[in-house]
Amino acid sequence: MTTLTLSAAHTVEATGAASAALWLILLPAGSAALLLLLGRRADRWGHLLGVAAPVASCVLGLAIAVQLLGTDASERLHHVDIGSWVDAGALNLRAGLLVDPLSVTFVLLITFVGSLIHVYSVAYMSHDINRRRFFAYLNLFVAAMLTLVLADSFLLLFFGWEGVGLASYLLIGFWNHEVDRGHKVSGAQAMDNSVASKKAFVANRVGDLGMIIAMGLLFAQLGTVSFHGRPGTDEAGVFDLVADGRLTVAMATGIGLMLLLAACGKSAQFPLQSWLGDAMAGPTPVSALIHAATMVTAGVYLVVRSQPLFDTAPNARLVVAIVGAVTLLYGAIVGCAKDDIKKALAASTMSQIGYMMLAAGLGPVGYAIAIVHLVGHGFFKAGMFLGAGSVMHAMNDEVDMRKFGGLARRMLLTYITFGMGWLAIIGFPGLTGFFTKDSIIEAAFSSNAYEQAWQPWVFGTVAMLGAALTAFYMSRLFFMTFEGPARWEPGVHPHESPRLMTWPMVVLAAGSLFFGVVFGKMPWSHWQGRLGDWLAPSVGGHHEHADPVLAWPIITFGTLVLVAAALWLSWQKFGARSAQVPRTAPPGSLVTVAARNDLYQDHVNHGLLVIPGTYATRALVFTDGAVVDGAVRTVARSAVAVGDLARRPQTGFVRQYAAMMALGVVVLIIIVLAVQI
Amino acid sequence: MSLMNYLVLSTVLFSVGATTVLVRRNAIIAFMGIEMMLNATNLALVTFARINGNLHGQVLAFFVMVVAAAEVVVGLAIIVAIYRTRRSASIDDVNLLKDVRDPA
Amino acid sequence: MITTIAATLTDAGEASTGEAVLFWVFAPVMVLASMGLLLARKAVHAALSVITVMICLAFLYVAQDAPFLGVVQVVVYTGAIMMLFLFVLMLVGVDASDSLVETIKGQRWVAVLGGMGLLVVLAGVVMTVAPSTPTGLDGANTPTNPEALAVVIFGSYAFALEVVGALLVTAALGALVLTHRERLVPKRDQKTRMQARVQALGDGALLTPLAAPGVYARHNAMDVPALGPDGEPLELSVNRVLKVRGQEADAAEYAARIDRVLAGGWADDELPAIEAAKDATSEEADQ
């Protein structure tokens, strides 16, 4: 194991642009509040305000990044104190923002990609009567996401965590009522959309439970939930105390696993991944921003942010890696079978986040490359989602890829930008994915990330296999959409989207092209790349992994060979002139059917959780009625019965009352005499 | 003769008075039973005073008499008031203090 | 006049022989009288029984060195309270005899059980106490019983006395309130009656008292109507009871007699016929 240099323990009071970090959140939050409170009065100009807020935040974020770049690497951990937030007995928590390279990286990703998607949405939602509300929700999401990444404590992070969950819920179910203009939504679709949003919400609650338990354990063990102590005070934060060895390995493992549960919920990792596919019910920009580029990566952020905890708990880290590896294959297999373009992309997102989780689970060698891949993925996946939205825009909201085909000639710009994203994700040499994903594969093969000798072989192979599968399903998606003969529905006339939609796609495609080569890690070098350097203060310093168990050229070229093979197979089946893509899905093999059904995860969930839950609820209702209410009723009935008995002597005859008194006196005196004798 | 005889006489009178209250329906006679019980206690008090050699028992008996006088005034006034409205001096007729659902 | 009473207890704390005789004479009387209260059918008899008990008690008080209480017993209980009882008995109905048949099921047995139980347990209490030797009131009753009693009452029990006084006043007021009857119609005094009579004049009522009947010199009787100033008989002067019974004399017949006398004849020309008619009517009335 590499020794750690915990430079992260020292934060400084923010100065300059960094001290204005609160405005990063306030701008979109204020915009969302304004748009929601003004209501229909803001309909005409609401989208402009909605676009302006993230753009302003983005500019401020850039200013902060520039300021941090101008300082020494060890002084890039800035802290902004907001004020006393929770003052409840032993828990005295001040709200504050942590402005460090990690959070600023996320701020830039969220605001930059977010701004582009906002611009795109202006055109995409132009016919929707609720466009203002849409922008309000989007701004709310941006504000919550920024809160999440800027928080200086688990509790404030959780606040943002729930905020993005709320925004996600609102946006997945945005079309939850029948609409017959703009984006047409039938009643059945509206119902499905509502169910999808509820599913996402509930699945996230399971993860939140882990977060709450983790916070409770931290507070019970360490007495604080802040990341670091406030500068200028002698308070210590969680990470300072953990670095000081205040947590036992077992406790750190428990907390790590609980945090992993939270991350699984938010990032759609196995076994809480089932909601992401259905979340595609939301408008496509939402899928691009929330369910591809930013929110779903919050789990990765949480794991990377909590790296001091995971560093003390190797077993928890191993579980993170296993979850990542499983999800990586899971998403890839599901992605191979989906005909719905958005669901295929969602499965791809799941798989790519699996890569990030796997990297984060590798420990110090993996944190930085996980984030690098996360940012790169944010670019090309958002770009592809926007491209998918553009295609749907052209095809009357059709999502079935079997009814696409041959769109390359009609939608050249979309074709090219989508192609950039496609090449980036499959790891075409020189593009973003080649640098970001291959570095993860390489790290997975490196021996110093593990404690057992067999582990690099297993995880490395899985990662490599995942790359091949990625190449296959992404190419399948690309070819089915843009190549081959046209299989359009009658009456569909594809056309290129308006400029407001294409330009963001162009920018994101440029990101897909150049992000990796500029910021990523070169396969032949131990240097972690520019972004890796930049992130070092936040993720515990520089860590170079040992040489992989295979030499890097073998890994790189082996991966490329596999990718090329998958590409060729895909071209043969879906792209070439000779390829026959039936307009209705063929029955398919057992594996295909399983993959189409999300590998029966929903069925398992239904069987293991929903049905027992239903019966448990019924049993509880019955118990409540028979036992709890029964007890209450029995008490009441016995009171009535006693009252009936007591009623009998109440004849109204004074003489009977007097007789009772006389007998009572007799009995009383007898008792007194008996006691005396 | 032992002074205990007075006490025994007192208990006899008290018991008879109590039985009168329980047996007789005429409110006035029942009331007289109460008076008899009071008198029986007075006799006991006077005897106690004699046994103990101080006058507190007699003072208590005196107060019992005064309170009895007050009680009789009010009690008889009540009997008269009831008689005026119901034309009856039977205490069994005054039985409104009962459960109306199940007139026993 | 209460004089100083000699010591009434022997040294052993026993009562004197004279007192024993007195007790054994009075105690049976009192028990019998109390049984009278329990069993007498008539309320008045019960009240008389109670009076007997109370007078006997007064004697026993005096014998027990409590002459003041003895006198108070007679004055207050017998003289005031029992008289009050008798008044109320008169008011409620003196002859309302009380049936001894029990109407409440089981009440008699419960009452007997309660009474006997009380007797037994109270006697038990009396028997089980281990009495000290009675002291007697010779020392306490100095100089006299009323004076010594007054010292205790106005000394130790002054506040209780005040409270009892307040109680008496309250009881008196309570009795007033309880027996008070609200007037529902205005009181008819002389003036309103006179006004009502004058108002009724138009309906044929009389302002003056009715004339007295029977103003004939010869036949001054209740059944004969009086004659008015105009010589006409006044029907209203005869008692209406006589009219209802048909015992009224015929005014026209007497007018005819007057006419005969004025004409110089005898008034009783047809007297036997009148007598016969009268006999017939009286026989009918007898039947």
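View 1. Among the contacts in chain C that link residues at least 6 apart in sequence, 44% join residues at least 24 apart, a contact being a pair of residues whose C-beta atoms, placed from the backbone, lie within 7 Å. Chain C holds ten helices and two strands, taken as DSSP runs numbered from the N terminus (H or I of at least four residues for helices, E of at least two for strands), and their order along the sequence is α-α-α-α-α-α-α-β-β-α-α-α. This is a predicted model, in which local features need pLDDT of at least 70 and side-chain atom pairs count only at pLDDT 80 or more, while totals for chains, interfaces and linings use all residues. Residues are numbered from 1 along each chain as its sequence is written, and chains are lettered from A and ligands numbered from 1 in the order in which they are written.

**View 2. Helices α17 and α19 of chain A.** Helix α17(A), residues 432-445, packs against helix α19(A), residues 499-519, at an angle of about 50 degrees, with their axes 6 Å apart; the axes are lines fitted to C-alpha atoms over the stretch in contact, and angles run from 0 to 180 degrees between N-to-C directions. Thr432(A), Gly433(A), Phe434(A), Phe435(A) and Thr436(A) of α17(A) make the contact with Ser512(A), Phe515(A), Gly516(A) and Val517(A) of α19(A).

**View 3. Where chain C meets chain A.** Eleven residues from chain C and eleven residues from chain A take part in the contact.

Key. Contact = placed C-beta atoms within 7 Å.
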